[in-house]
Amino acid sequence: MRIAVIGGGPGGLYFSVLARRQLGPTHEITVWERNAPDETFGFGVVLSDQALGGIERADPAVVAALRPLLTRWDDIDVRYRGTTFTAGGNGFAAMNRAALLMSLQRRCAQLGVPVRHGSEVADVAALAAEHDLVVAADGAHSLVRARYARTFRPTVRTGRCRYIWLGSDLELDAFTFYVVDTPGGAMQVHAYPDSRHASTMIVELSEDAWRAAGFAEAAPERLAPGESDERSTGLVAELCRDILDGHKLYGNNSRWLRFPTVRCETWRHDNVVLIGDAAHTAHFSIGSGTKLAMDDAAALAGSLREQPTTRAALAAYEARRRPEVAALQRAAQASREWFENVDRYTHQEPQQFAVNLLTRSRRVSYTALRRRDAGFVSRAERWFAGSAQGPAGPPMLQPFRLGGLDLVNRVVISPGEPSPAPGGVPGDLQLVRLGGAALGGAGLVMAGPVAVSAADPAGGPGLYSAEQEAAWRRVVDFVHAHSPAKVGVRLGHRGAAEPAGDLRRAFAAAARRAAAGFDLLELDYADDSPLASYLSPSAVRGRSGGSPRHPLELFEAIRAVWPAERPVSVRISPERWYPGGDGVDAVTEIANEFAARGASAVHVCAGVRADRDVYADRIRNQSGRGSGFAVIAAGAISAADVDTIVLAGRADLCVVDQPTVNSLPLRGTADRATPQEWS
């Protein structure tokens with residue numbers, strides 16, 4: 001084979017090394033790199049212990065050359081408002097990017113792979129015609145990707161924050177997140193050691209904070225290639241003077257950027273294949289783009305060795321890497337959005353802020369944190385429980401006060417579909433379901449959806465007759481007699497749309513009947529019910545002032561007849577209205593409208609998104625001040641998620657299914673301490 005590699009960065013060089021070792025010396029491999037051998041931009045490159053292990057298995061000589069250059073650390077520090085919280089057990093190493101490139105260049109030379117520095121590839125098609133394979137490792141702004149855009153079908157989504165890469169002679173012994181208050185909001189600094197006496201510092205601000213700090217005026221309109229923004233570097237140094245403590249800050253082609261998230265529909269075009277940033281990018285807050293590129297290189301070289309043809313090898317490479325990259329990009333998106341919205345979380349106490357930051361990608365859970373550093377988690381548990389000393393236990397087991405209702409823990413069981421009930425009268429099936437959930441240890445069990453009218457076609461239980469009211473009282477009395485759980489009822493309407501006045505009267509009548517035994521009342525505006533349609537974007541936009549008038553009037557009708565000391569919640573499904581996580585501001589405004597009229601909680605159903613608590617999180621932590629009401633998160637939440645979500649402050653309560661409840665350590669929570677105020 002004749003293989004051409006475009007791009008002499010870590011990904012392109014590492015692929016060339018592995019391809020030479022795995023395919024043998026009879027194959028011709030050539031690297032084209034437009035820059036000179038000693039011309040590189042940026043500072044440190046981060047690699048995990050796992051990544052280093054993979055490199056060592058692929059080529060022990062590469063790791064042997066890198067080890068003397070590596071700076072290792074185990075801890076991650078979060079420094080926020082005069083506090084430092086340290087979480088260990090992470091296992092990372094970093095090195096200077098220039099040193100990494102020189103090491104890989106030497107390895108290529110040892111294996112007889114020529115690297116043509118100062119060579120720009122002007123005609124990719126001609127190169128592809130002369131070679132059996134062209135590997136495009138030419139970065140996030142790939143010319144190869146642009147040349148064949150109709151095949152690759154790339155999308156590039158630019159982040160909202162501005163960031164700049166800088167170096168310092170500040171010596172660090174851990175990966176450190178600094179959060180610095182500025183006139184326009186928080187400035188975050190991602191800092192890590194890249195040698196014994198130097199560190200990399202990535203400074204990131206929102207657009208508002210960037211402008212308020214004076215960077216718009218400081219940044220020059222134009223910089224020459226390779227030139228750094230010295231005025232901005234000086235201003236950053238002034239803002240970070242307490243961090244630097246007299247140490248220097250310097251640039252290397254350093255300028256303000258916005259992070260581009262690159263995705264492609266495919267990474268292959270005939271005999272041309274993309275790797276690394278040319279194919280995909282992941283925000284720097286989740287890990288190293290270098291590591292991603294080197295993983296691609298290893299997978300591609302392995303596929304070429306294993307498959308009988310180049311076409312089969314490229315297909316196998318993409319099939320292997322695409323799921324891994326997609327998972328990492330989802331985590332990177334969650335991490336990037338967290339930092340873009342960091343001002344939402346500045347109302348949190350430093351301990352909770354640290355947990356929130358460390359679990360922001362949703363890939364690191366409470367369980368993973370405990371496995372890495374049990375001491376860090378124990379301290380966080382004690383803070384959450386308000387305990388100065390001694391074991392506090394998992395956050396999910398901590399009590400909670402919802403309005404005037406005391407719950408023994410943070411776990412909720414809430415069925416999604418109605419259970420059969422002939423004539424709408426709840427019977428033994430409802431008793432077994434709610435009783436089992438309560439005996440399993442859940443703090444709050446929800447009955448429902450419960451119909452308010454005989455016109456509801458769902459076939460489930462109702463609350464529109466005296467017989468149904470008496471049957472529900474039997475179920476609720478059983479739960480209260482045999483467990484510390486509280487019982488809520490979710491009222492809904494799944495039939496055809498009815499006149500607003502008739503519907504309000506039906507809901508009010510059902511609420512009066514529910515008051516005979518239920519502890520909490522919930523109004524169901526979620527899923528695909530007619531009520532949910534009243535809160536859809538098109539329905540809200542169509543009303544004067546954008547206010548969901550009819551849903552609010554319905555809520556006011558039940559709040560007026562429901563006992564004042566008992567809480568009312570509202571169930572919504574924003575993922576159905578705004579797929580993909582958009583529309584947070586609109587959903588938050590809807591939640592606030594209900595809270596202003598007496599809702600004690602908003603129950604947020606989020607489907608099965610990987611970041612399933614995103615809407616609950618944003619509603620609870622709106623505008624950097626907290627929501628002022630409780631937030632219940634729902635949506636494929638696992639046992640491991642519950643502790644993470646409540647400890648990080650993304651929600652106050654979590655809905656799980658019955659099998660998950662059975663796996664949780666909930667029994668015996670009745671004897672726990674008096675519930676704390678949820679604020």
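Colleague: Which strands does helix 22 lie across?
Modeller: Helix 22 (residues 549-561) lies across strand 24 (520-525) and strand 25, at about 165° to strand 24. The model is predicted, so local features need pLDDT of at least 70 and side-chain atom pairs 80 or more, while totals for chains, interfaces and linings use all residues. Residues are numbered from 1 along each chain as its sequence is written, and side-chain values use heavy atoms, without hydrogens or water.

Colleague: How do you get helices, strands and angles?
Modeller: Helices (H or I, at least four residues) and strands (E, at least two) are DSSP runs numbered from the N terminus. Angles run from 0 to 180 degrees between N-to-C directions, with axes fitted to C-alpha atoms, for helices over the stretch in contact; contact means heavy atoms within 4.5 Å.

Colleague: How do strand 25 and strand 26 pair?
Modeller: Strand 25 (residues 568-572) and strand 26 (residues 601-605) are parallel, with 4 bridges; pairing takes at least two DSSP bridges. Val570 has Val602 in strand 26 as its bridge partner.

Colleague: What do the 8 strands form?
Modeller: A closed barrel with parallel pairing, in the order 21-22-23-24-25-26-27-28. Neighbouring strands of this sheet are turned by 25° on average, direction ignored.

Colleague: Switching topic, how many disulfides?
Modeller: The count is 0 disulfides, a disulfide being a pair of cysteine sulfur atoms within 2.5 Å. Cys605 is in none, and the nearest cysteine sulfur, that of Cys654, is 12 Å away.

Colleague: Is Cys605 buried or exposed?
Modeller: Cys605 is buried, because its relative accessible area is 11%. Buried is under 20%, exposed over 50%, partly exposed in between (1.4 Å probe, protein chains only).
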